[in-house]
Amino acid sequence: MEYFPNVKKVNYEGPKSDSMFAFHHYNADEVVLGKSMKEHLRFAVAYWHTMTQDGSDPFGNPTNIRTWMGATPMETARNRVEAFFELLEKLGVEYFCFHDVDIAPEGNSLEEFFANIDEITDLIKEKMDKTGIKLLWNTANMFSNPVFVNGAASTNNADVFARAAAQVKKGLDVNKKLGGENYVFWGGREGYETLLNTDMGLEQDNIARLFKMAIAYSEKINHKVQFLLEPKPKEPSKHQYDFDAATTMAFIQKYGLEGHFKLNIEANHATLAGHTFEHELNVSRCYNALGSIDANQGDVLLGWDTDEFPTNLFDATLAMYEILENGGIAPGGINFDSKVRRSSFAMDDLIIAHVVGMDTFARGLKAAAKLKEDGFFDNLRADRYASYQSGIGASIVADKEDLESLSDYALKNNEIKMESSHIEYVKARLNDYLV
Ligand code: XUL
Ligand code: CO
């Protein structure tokens, strides 16, 4: 059965196209700064939003029309695999990401859940072998099942910790089976409701324990994978331990996990933490830990994770600039952790929304490449920090000065020359690159 009969293949038609089923800016093989757009962007589709999201919200019932619903949960799961690969192929997207619960029903026991995962991943593997589509990352959902009410690795209940460990082990077995390039941890319930009954020290030690077990197991099964930790400040927990990139790096460093873990940075999580997306990407780069990206956008008027498909060109440009400065995002990618709005309930909207997200990032890439070619930020920063290129500045950054020598210098240097940043002009010139 064909799930998206209205489109055979999404092709690049250029900016003048008036088709919803064509790329206006993303041209997979077009070379930008020496690499094809496809290689720069490494797009991935998220199984959860695209295949399992039903359009319900806390006030309303499902709205999404989905033609893959079967008579049993397993039949639906099998249909979803068919539909998913049809979507990926039609979009020309080469990567995907999933949680264990997205692909297979949990059934009545962990044993049944794992058997369901085995059956569905056999199907997924067949599709991957046939199409060449690859697994960017998978993860274990350790936040939806009621046993995780008090956390997974950070739970107060050791039996729950063991259950979480079993899901991670299975996740790594599946990752190996499917040749995954990364494995993600996102601690949705790894945080606390109230400090009154929480032992934060023990909870964080236990999270690190689970991560070390995962590293040890991946080595044991001889499957080298890049582990990624995804920061988010809140939702579902009131306070989540991996609040933002800087907090998460402090955790990674405290427990000596630097060699194995990088960060998966999500745009909407950045804004929930009170940061911009590019801030979080830049912090990650400062730690040499930018691993992958969950692409979406929030809404400045709403205080929760809206996970909209990215359309903001300004944000996409600055994000792509960070990726270019990072020397690319591989083995990570740009995963659309994005969902269609409740009113975009048609099957075709799943294709259209991804086309829009891909076009946004393609435009961001082109604008960022031009900014890089022109040395826009390099020149700006070189001018702004010019005082460190010679004289006392050069001596400071060469670590040749101390408080006494600088005090002597400052006492003789009464007239400090200050320069304006002309920041309004800079912003106006940046706008020139966006259109
Ligand atoms: C939740 C979120 C997750 C992670 C994977 O906000 O972003 O979907 O990306 O668990
Ligand atoms: Co995410």
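Me: Where is Asn-222 placed?

Reply: Asn-222 is in the loop between helix 7 and strand 10; the helices (H or I, at least four residues) and strands (E, at least two) are DSSP runs, numbered from the N terminus. The model is predicted, so local features need pLDDT of at least 70 and side-chain atom pairs pLDDT 80 or more, while totals for chains, interfaces and linings use all residues. Residues are numbered from 1 along each chain as its sequence is written, chains are lettered from A and ligands numbered from 1 in the order in which they are written, and side-chain values use heavy atoms, with hydrogens and water left out.

Me: Why does Asn-222 count as exposed?

Reply: Its relative accessibility is 67%. Exposed means over 50% relative accessible area, buried under 20%, and partly exposed in between (1.4 Å probe, protein chains only). Asn-222 is therefore exposed.

Me: What is said of the phi of Asn-222?

Reply: Asn-222 has a positive phi of about 60° although it is not a glycine. Most residues other than glycine have a negative phi, and most peptide bonds are trans. Glu-235, in the loop between strand 10 and strand 11, also has a positive phi, near 70°. With a relative accessible area of 30%, Glu-235 is called partly exposed.

Me: How do you know which form the peptide bond from Glu-235 to Pro-236 takes, cis or trans?

Reply: Its omega is near 10°, and the bond is cis. Pro-236 is in the loop between strand 10 and strand 11. The bond from Ala-330 to Pro-331 is likewise cis, with omega near 5°, and Pro-331 is in the loop between helix 11 and strand 14.

Me: What makes the site of the cobalt ion (ligand 2) octahedral?

Reply: Glu-230 (OE), Glu-266 (OE), Asp-294 (OD) and Asp-337 (OD) coordinate the ion at 1.9 to 2.1 Å. Donors are N, O and S atoms within 2.8 Å of the metal (3.2 Å for Na, K and Ca); water is not among the atoms, so sites may look incomplete. Six donors count as octahedral if opposite donors are over 155 degrees apart and all others between 65 and 115. With 6 donor atoms and angles of 83 to 170°, the site is classed as octahedral.

Me: Why is the pair Glu-230 and Asp-337 said to tie parts together?

Reply: Glu-230 is in the loop between strand 10 (226–229) and strand 11 (239–240), and Asp-337 in the loop between strand 14 (334–336) and helix 12 (347–373), so the pair joins parts 107 residues apart in sequence. Both Glu-230 and Asp-337 are buried.

Me: Why are helix 6 and helix 7 called roughly parallel?

Reply: Helix 6 (residues 158–177) and helix 7 (residues 200–220) pack at about 30°, with axes 10 Å apart. Axes are lines fitted to C-alpha atoms, for helices over the stretch in contact, and angles run from 0 to 180 degrees between N-to-C directions. Angles under 35 degrees count as roughly parallel, over 145 as roughly antiparallel, 65 to 115 as roughly perpendicular and the rest as oblique. Helix 6 and helix 7 are therefore roughly parallel.

Me: What makes Tyr-321 buried?

Reply: Tyr-321, in helix 11 (residues 313–325), has a relative accessible area of 3% and is therefore buried. The residues in contact with Tyr-321 (heavy atoms within 4.5 Å) include Ala-368, Leu-371 and Phe-377, not counting residues up to four places away in sequence.

Methods: Tetrahedral: all angles 85-135°; square planar, octahedral: opposite > 155°, others 65-115°.
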